[in-house]
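Subject: Structure for you to look at

Hello,

Please find the structure below, followed by notes on what was found in it.

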Amino acid sequence: MTFNEVTAMQIRSAMQNTPGLSERHMFGGVAFMLEGNMCCGVIEDNLVVRVGPDAYEGALREPHTRPMDFTGHPLRGFVYVDRDGFNNDVALKQWIERGVNFVRTLPPK
């Protein structure tokens with residue numbers, strides 16, 4: 001798999017001042033980690049956001065989202081967001097913020 005480098009650059013720009021940020025290549029794409037926990041990433045042209053199990057069903061009811069299921073089995077707590085769901089800076093930042101907010105509830109790894 002590959003990932004959209006333009007989307008990755010947009011995420012890097014939006015998160016550049018976030019303490020504890022790192023990147024890791026995983027799932028055939030790139031993941032953005034906070035204190036060792038994945039909060040968002042890019043796989044192919046999809047934004048991946050870790051919304052957590054409690055917000056999962058609500059996130060799936062939003063336009064342009066679907067379960068993250070690259071293995072054929074949905075990964076509960078993670079959603080794919082199609083390009084139309086983050087086609088401007090405000091929408092992208094809102095999705096990133098959801099991932100950051102959830103990951104901040106987890107202990108550092």
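A note on terms comes before the first helix: the expected span of a helix is 1.5 Å times one less than its number of residues. Helices (H or I, at least four residues) and strands (E, at least two) are DSSP runs, numbered from the N terminus. This is a predicted model, in which local features need pLDDT of at least 70 and side-chain atom pairs count only at pLDDT 80 or more, while totals for chains, interfaces and linings use all residues. Residues are numbered from 1 along each chain as its sequence is written, and side-chain values use heavy atoms, with hydrogens and water left out.

Helix α3 (residues 89-103) has 15 residues and spans 21 Å from its first C-alpha to its last, close to the 21 Å expected at 1.5 Å a residue. At its start, a side-chain oxygen of Asn 88 comes within 3.1 Å of the backbone nitrogen of Val 90. That is a polar contact (a pair of N or O atoms within 3.5 Å; within protein, one must be able to donate a hydrogen and the other to accept it, and residues adjacent in sequence count only if both atoms are side-chain atoms). Buried residues of α3 include Trp 95, Ile 96 and Phe 102, where buried means under 20% relative accessible area, exposed over 50% and partly exposed in between (1.4 Å probe, protein chains only).

The sheet is open and has six strands in the order β1-β2-β3-β4-β6-β5, with antiparallel pairing. Its edge strands, β1 (21-26) and β5 (65-67), each pair on one side only. Two strands pair if DSSP finds at least two bridges between them; β1 and β2 (residues 29-34) have six. Within that pair, Ser 22 stands opposite Met 33.

Axes are lines fitted to C-alpha atoms, for helices over the stretch in contact (heavy atoms within 4.5 Å), and angles run from 0 to 180 degrees between N-to-C directions.

Two residues are worth a look. Asn 37 lies in β3 (residues 37-43) and is buried, because its relative accessible area is 4%. Beyond four places in sequence, residues touching Asn 37 include Phe 32, Arg 50 and Val 103. Pro 53 sits in the loop between β4 (46-50) and α2 (56-60) and counts as partly exposed, because its relative accessible area is 45%. Leaving aside neighbours within four places, Pro 53 contacts Arg 76, Gly 77 and Phe 102.

Regards
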